[in-house]
Amino acid sequence: MKTPIATGAIGGILAAMGLAFIVTGDAKGQPLVIMGSGLLAISVVLAVLRRSLR
């Protein structure tokens with residue numbers, strides 16, 4: 001079963017947005033830091049799922 005290229009692209013976009021939110025946010029629990037961490041976690045899950053489906 002092959003995964004579409006879009007899955008990798010979405011994961012990359014989410015990772016980039018997550019890093020941007022973390023860098024621009026404050027480390028005191030600001031919503032951007034929390035949201036950025038969540039986006040990074042989702043992108044890692046997508047990467048793991050994509051690898052396991054190969």
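## A tour from P31

Start by selecting P31, which is found in helix α2. This is a predicted model. Is P31 buried or exposed? P31 is exposed, because its relative accessible area is 57% and the cut-off for exposed is over 50%.

P31 and F21 are 10 residues apart along the chain. Draw the distance between their C-alpha atoms: the separation is 9.0 Å.

Zoom out to the whole chain. The protein has 2 helices and 0 strands. Of its 54 residues, 15% count as buried.

Now select helix α1, residues 5–24. How far apart are the C-alpha atoms at its ends? They are 29 Å apart. That agrees with expectation, because 20 residues at 1.5 Å a residue should span 28 Å.

Stay on α1 and show side chains. Which residues of α1 are buried? They are G11, L14 and G18.

Bring back α2, residues 31–52. The buried residues of α1 pack against this helix.

Last stop: contacts across the protein. Residues 24 or more positions apart account for 46% of them.

Key: Residues numbered from 1 in each chain as written. Predicted model: local features only at pLDDT ≥ 70, side-chain atom pairs only at ≥ 80, totals over all residues. Heavy atoms only, no water. Helix = DSSP H or I, 4+ residues; strand = E, 2+ residues; numbered from the N terminus. Buried < 20%, exposed > 50% of the residue type's maximum accessible area, 1.4 Å probe, protein only. Contact = heavy atoms within 4.5 Å. Expected span 1.5 Å × (residues − 1).
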